[in-house]
Amino acid sequence: MESKSSFSRRQFMELLGVSAAGFGLVSMAGCGGGGDDAKKEGGDAPAAGGASDTITYSLTADPRAVDPAYFDDGESAVVSCNMYEGLYQYGKTDAKVSPCLAKDLPEISDDGLVYTIKLNEGIKFHDGTDFNAEAVKKSIERQLEPNRNSDMPYASFVFGEEEAGNGVEKVEAVDDYTVKITMRAASAPFVKNLAMALASPIVAPSAIEKATDGQAITDPVGTGPYKFVNWTKGASITLVANEDYWGDAPKTKNLIFKIITEGNTRITSLINGECDIISSVDPSAVDQIVDGGFELFSEDGMTINYMAFNTETGKCTDQEVRKAVAQAINVEEMVKSIYGDYATVANSVMPLWMAPYDKDVKQTAYDPEAAKKALADKGITSLQCITYTTARPYNQKGGSDLARMIQGYLAEVGVDVSITEYDWTTYKTKVQTDPYDICFYGWTGDNGDPDNFMNLLADTNWSMNVAHWQDDEYKALIAEGLATPDGDERDAIYLKCEEMVAEKQPWVLISHSKNLLGYSPKVKDFYYHPTGVAFFKGVSKEA
Amino acid sequence: MLKYILKRILMVIPVLLGVTIIIFLITRVLAPDPAPVVLGEHATPEAMATWRADNGLDSPIWMQYINFIVGAVQGDLGMSYYTHQPVTAEIAARFPATAELAICAIIVASLLGVTLGVLAAVKKNKLADNVSMLIALVGVSMPIFWSGILLILLFAGILHVLPSSGRVTPLLQPTGGTGFFILDTIMRADWTALGDVLIHLILPTLALSLYSMAIITRMTRSSMLETLNADYIRTARAKGLKKGTVNIKHALRNAMLPVSTVIGLQFGSLLGGALLTETVFAWPGIGKFAVDCVLKSDFPVVQGIVLLVAVIFVIMNLVVDIVYAYLDPRIKYGAKEEG
């Protein structure tokens, strides 16, 4: 027994050693030979940097889903908007709506409750099935109550809620190519909602039937210019051009989305030719991109970054106190100091491309002397501030720098500000439970409609309206704007809302962030839409 | 031995229960409410309440725990809050990436670590010893996220000779198969893809193996030095055996016992997911996934990954102990055998 055991052990050790050495040699031989092969193939191997029929775009995280009903994140939207299409679409650089799968803009009844939508004929889904009114009906109905489930994050925003008395009451297929949507209440932003990359895009009924009931589609089928090939979780998503696309054919055959969460690695992947376009560039890395001979995309996004006063309890319930605090803050200097050239000083709640009338709004001017006197008169010597540490789409630096600079400004006018900081996840809860006089928050728009920004201050949900501001006149304006069709009359309503925000000061407006992306000079006609998506149909890449 | 193995397997149960209780308390009691994070900016209190009810978060914590354990025993770790897919499927999709990287890293770390350790012991207090120990010191001291970024900057950013991220060029990726890309490409005789997979492995393997290599180097050196001073080595030398034969056949074989323990435990820790390496190199394994899910408050996935890592550690410990007993007949387990 002993001798047998001893023999086996020796054999085992020898086998182990030989196996390890063998594996090592094979691996090293493979490593040596593989480099050349990969370079010849021209994949994301550095020497070749990608063929001209492939564009590689880096995402910052794994998409949540490839089913428009089941995601609310930008990563999913960027991928899905190239596979699916909606009834309507935004302009190339703005949120003006034009028909896409619909033939024309909808015919809306006089009371604003019935939308009759004619559809384009002859369009097919990627699997060859017909796009028609029944497909539209099915795509919308699965997101209406009672079919809706709590994992559909944008269903209630786009299609409304029965309890709130808004949104879609029913969808009918009048004939093969006519859809009738009946609303519970008139809603001017509804057509813009139907152009969103979230919830609205039309999904093939065949894909819905194939998916597990109550779960997201994992094998996406749309009408868009690109078809789904595969998704390796955490690594990449590959799409291929839809050769039977009903519109202008896509210019690039393969569209690859690589998931690279680490910012520095994203930049190296651009420099190394592994990616052609990288998203979410940190302002501090802009020089690296420009000096490396790459293009920088820098345009205003659809955001507002602001400081909110607690208008319900604490020391800032008095409008004059809020005005005085606002006078103490040099917003322009603060924005320049924290964000450099990569954010625009906010003069209106909406970014300039959404609100061409923003220059007419008069925000509280910087006047520390007046602030000091007013705050002393009101007996304000201290304020309590809470902020978030994590970067947000509207504030890439997080809220800590903002809080400290405002602490400095207010110290100059005799007010001591105590700051409590939380990571974003904790902050979202604390902002509803902790006492505060001032806090920091922001908003990323959804549909490019003024109501989407301005109604935040009319909301009774304090997680949306952190200022807890309630003003009947303002609420009436918001209700009026919601029911008024787009045009001068509607613009005038929202200008009035902007003026009320500036005058009554529930917020101090800080900045609108810019979307920063880096891309190879070989990439042509790339544009990142302010709603946070990129359409690749017309994008090409030189060999 | 069989009795010992059975006893050890039974001991796994309380260990895993302990792990699940701790991770459950961290994610369900200490961590903030996931509803606002998962549901996003538009979440109303009513929507959050519905979501909590749909995900069983409105029931008492002990009930949630029992449901989790009952599910886990049946192989059901719940659904991801974020992707709405089964946790087991999400983990299974990523585990081959982690395992492939861990296997490559432990091979590189073992080969280099043992070589440097032997060299350092044999050439004690000479240049080779000092250089080996310096390399080991650097390996132990240098944080992986930093060494990883340096490697990326040098080989991808400056020299442009290696890719900085990912497992494979997406268009060359083998689909279906085992998920182990080296194996999949060999089975299909797709040598182009195999080459691409291997060059993508070089930098993460180097970064990940550095720390384990340093530990193995130090352990091999000290174990070798101890063995080289043993009487039987002196006897072997006195009998006129060649120096190389004594060092390798007599000293190294005995010195490898504690080293094999270290290699086994290091492999267990690498299989558990290299959080930093996977994040820096955009490596789609369970380590990076765990980090992403913590940030997104996707707690069912976090629980699933922690449970998997605990199981791997327990199994690796068990395997190491069994192999140790097998390799060294002097080691006996169990009270009766000790007596």
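The model is predicted. For the complex, the predictor gives an ipTM of 0.81 and a pTM of 0.84.

**Confidence in chain B**

- Chain B has a mean pLDDT of 88, with 96% of its residues at 70 or more.
- Helix H15 of chain B (residues 335–338) has the lowest mean pLDDT among the elements of that chain, 45.
- The highest, 95, belongs to helix H8 of chain B (residues 181–187).

**Interface between chains A and B**

- In this interface, 60 residues of chain A are in contact with 64 residues of chain B.
- Elements of chain A that each supply at least two residues to the side touching chain B include helix H4 (155–159), strand E8 (226–232) and helix H13 (424–433).
- H1(A) gives the most to that side, with 15 residues.
- By class, the side of chain A that touches chain B has 18 nonpolar, 29 polar and 13 charged residues.

**Packing of H6(B) and H9(B)**

- Helix H6 (residues 127–141) and helix H9 (residues 191–228) of chain B pack with their axes 8 Å apart, at an angle of about 135 degrees.
- H6(B) is therefore oblique to H9(B).
- The crossing of H6(B) past H9(B) is left-handed.
- From H6(B), the contact is made by B:Ser132, B:Ala136, B:Gly139 and B:Val140.
- Residues of H9(B) in the contact include B:Leu210, B:Tyr211, B:Met213 and B:Arg218.
- Seven nonpolar, three polar and one charged residues make up the contact of H6(B) with H9(B).

Definitions and conventions
Residues numbered from 1 in each chain as written. Chains lettered and ligands numbered in written order. Predicted model: local features only at pLDDT ≥ 70, side-chain atom pairs only at ≥ 80, totals over all residues. Contact = placed C-beta atoms within 7 Å. Helix = DSSP H or I, 4+ residues; strand = E, 2+ residues; numbered from the N terminus. Nonpolar A, V, L, I, M, F, W, Y, C, P; charged D, E, K, R; others polar. pLDDT = per-residue confidence, 0-100. Axes fitted to C-alpha atoms, helices over the stretch in contact; angles between N-to-C directions. Parallel < 35°, antiparallel > 145°, perpendicular 65-115°, else oblique. Left-handed = near helix turned anticlockwise from the far one by under 90°.
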